[in-house]
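Visitor: I would like a close look at one part of this model, and then at the contacts around it. Please take me through it step by step.

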Amino acid sequence: MSAWRVQRPGPINGRPLEHVTVDVPRPARGELLVAVRACGVCRTDLHVAEGDLPVHRHGVIPGHEVVAEVIEVGPEVGPENADSEFKVGDRVGIAWLRHTCGTCKYCRSGNENLCPESRYTGWDADGGYAEFATVPAAYAHPLPQGYSDTELAPLLCAGIIGYRALLRAELPPGGRLGIYGFGGSAHLTAQVALAQGAEVHVMTRGEKAKELALALGAASVQGAADRPPVPLDSAILFAPVGDLVLPAMAALDRGGTLAVAGIHLSDIPSMNYQRHLFQERQLRSVTSNTRADAREFLAFAGRHHLEVTSPEYPLGKADEALAYLSAGRISGAAVLVV
């Protein structure tokens with residue numbers, strides 16, 4: 001099968017990905033073998049390719065926003081267990097979270113995203129920049145109706161992690177939400193917040209991103225580090241730029257919360273306690289998501305149709321799509337089509 005592997009992590013213009021032909025994988029116990037239809041191009045893929053995230057597996061195939069068709073059900077996936085909902089021919093989604101231990105205090109308390117034994121698609125195991133992939137049936141997702149494959153792909157990480165970030169930001173009903181950076185995840189999260197009755201203010205650098213934000217219903221749009229026109233009840237930082245933490249914290253109203261949505265963030269400059277943290281402002285990180293988050297978000301997407309801006313690239317141009325993402329030339333969430 002055709003696939004892309006991360007052979008030499010480094011700057012994307014140094015071509016860290018290699019286009020290869022490899023054997024079709026076999027499903028292990030409890031896994032599904034799927035034919036990939038579409039795979040979103042996520043900034044986390046860029047972090048893996050460039051080495052911002054430490055290498056977990058040499059030559060890994062990236063990609064964790066996978067829409068696929070089940071073509072084989074592996075051993076111990078059948079009517080006798082909880083994974084029997086999947087059968088050959090089903091359309092399923094593969095997301096970032098791939099494995100948790102199920103027994104640690106985090107898993108038992110409903111916080112499996114914090115499991116020390118967690119493993120991830122496209123980082124610990126091969127992902128969707130390929131024609132075929134495997135996924136543990138317990139971590140595969142049924143998908144909502146009313147979306148094309150390319151529309152669904154970004155929902156599986158950009159959408160899910162944005163939903164988790166919105167929960168972490170603790171936006172009050174009808175509150176004012178600030179969004180810093182307006183790419184694949186942000187443009188979906190904004191729609192969720194708007195559907196819930198929020199007032200959304202966007203801070204971003206790209207003109208196309210600003211146009212998209214206004215088209216989706218943002219109350220205001222300004223530069224990446226500019227102050228919004230009103231104090232914010234909550235904010236989410238999607239851009240992986242630590243320098244933006246300070247203006248985002250300063251824009252919060254008393255008791256406001258900033259959630260940092262990315263798995264990677266450049267260093268945060270020194271804070272001034274009075275200006276950035278006093279009056280019970282909070283700074284919170286977001287670590288992956290739980291399967292419950294994914295189910296809740298995908299159910300929401302089934303009830304409220306989200307407009308997914310998803311420029312398409314053929315699988316053979318995955319390196320080009322990542323380069324465009326790195327350069328800020330993609331509006332919305334790019335998707336590889338197989």
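Guide: Start with Arg5. Its relative accessibility is 18%, and the cut-off for buried is under 20%, so Arg5 counts as buried. Keep in mind that this is a predicted model. The side chain of Arg5 forms a salt bridge with that of Asp126, at 3.6 Å from N to O. Arg5 belongs to strand E1 (residues 2-6), while Asp126 sits in the loop between strand E7 (119-120) and strand E8 (132-136), so the bridge ties together parts that are 121 residues apart in sequence.

Next comes Arg15. Its side chain meets that of Asp319 in a salt bridge, 3.1 Å from N to O. Arg15 is in the loop between E1 and strand E2 (17-21), and Asp319 is in helix H10 (residues 318-326), so this pair joins parts 304 residues apart in sequence. The two ends are set differently against the surface. Arg15 is exposed, at 54% relative accessibility. Asp319 is buried, at 18%.

A further bridge links Glu72 and Arg26, with the closest N and O atoms 2.6 Å apart. Here too, distant parts of the chain are linked: Glu72 lies in strand E4 (residues 66-73) and Arg26 in the loop between E2 and strand E3 (31-40), 46 residues apart. Glu72 is partly exposed, with a relative accessible area of 26%. Arg26 is exposed, at 54% relative accessibility.

Some bridges share partners. Arg37, Glu69, Arg91 and Asp149 are joined into one network in this way. The structure holds 15 salt bridges.

Now the aromatic rings. There are six aromatic pairs. One of them is Tyr120 with Trp123: the ring centres are 6.1 Å apart and the planes stand at 35°, so the pair is tilted. Tyr120 is buried, at 9% relative accessibility. Trp123 is buried too, with a relative accessible area of 10%. Ring pairs also bring in Trp96, which forms a cluster with Tyr120 and Trp123.

A charge meets a ring elsewhere. Arg291 lies over the face of Tyr139, 3.9 Å from the ring centre.

Turn to a pair of helices. Helix H4 (residues 158-169) and helix H5 (residues 184-195) have axes that come within 8 Å and cross at roughly 55°. H4 and H5 are therefore oblique to each other. The crossing of H4 past H5 is right-handed.

Last, the backbone. Most residues other than glycine have a negative phi. Gln279 has a positive one, near 65°. Gln279 is placed in the loop between helix H8 (273-277) and strand E15 (282-285). With a relative accessible area of 27%, Gln279 is partly exposed.

Ser288 also has a positive phi, near 50°. Its place is the loop between E15 and helix H9 (291-303). Ser288 is buried, at 8% relative accessibility.

Back to the starting point. Buried Arg5 pairs with Asp126, and that contact ties strand E1 to the loop between E7 and E8.

Conventions: Residues are numbered from 1 along each chain as its sequence is written. This is a predicted model: local features need pLDDT of at least 70, side-chain atom pairs count only at pLDDT 80 or more; totals for chains, interfaces and linings use all residues. Side-chain values use heavy atoms; hydrogens and water are left out. A salt bridge is a side-chain nitrogen of Lys or Arg within 4 Å of a carboxyl oxygen of Asp or Glu. Helices (H or I, at least four residues) and strands (E, at least two) are DSSP runs, numbered from the N terminus. Buried means under 20% relative accessible area, exposed over 50%, partly exposed in between (1.4 Å probe, protein chains only). Rings of Phe, Tyr and Trp (its six-membered ring) pair if their centres lie within 6.5 Å; planes under 30 degrees apart count as stacked, over 60 as edge-to-face and the rest as tilted. A charge sits over a ring if NZ of Lys or CZ of Arg is within 6 Å of the ring centre and within 35 degrees of the ring normal. Axes are lines fitted to C-alpha atoms, for helices over the stretch in contact, and angles run from 0 to 180 degrees between N-to-C directions. Angles under 35 degrees count as roughly parallel, over 145 as roughly antiparallel, 65 to 115 as roughly perpendicular and the rest as oblique. A crossing is left-handed if the near helix is turned anticlockwise from the far one by less than a right angle, and right-handed if clockwise.
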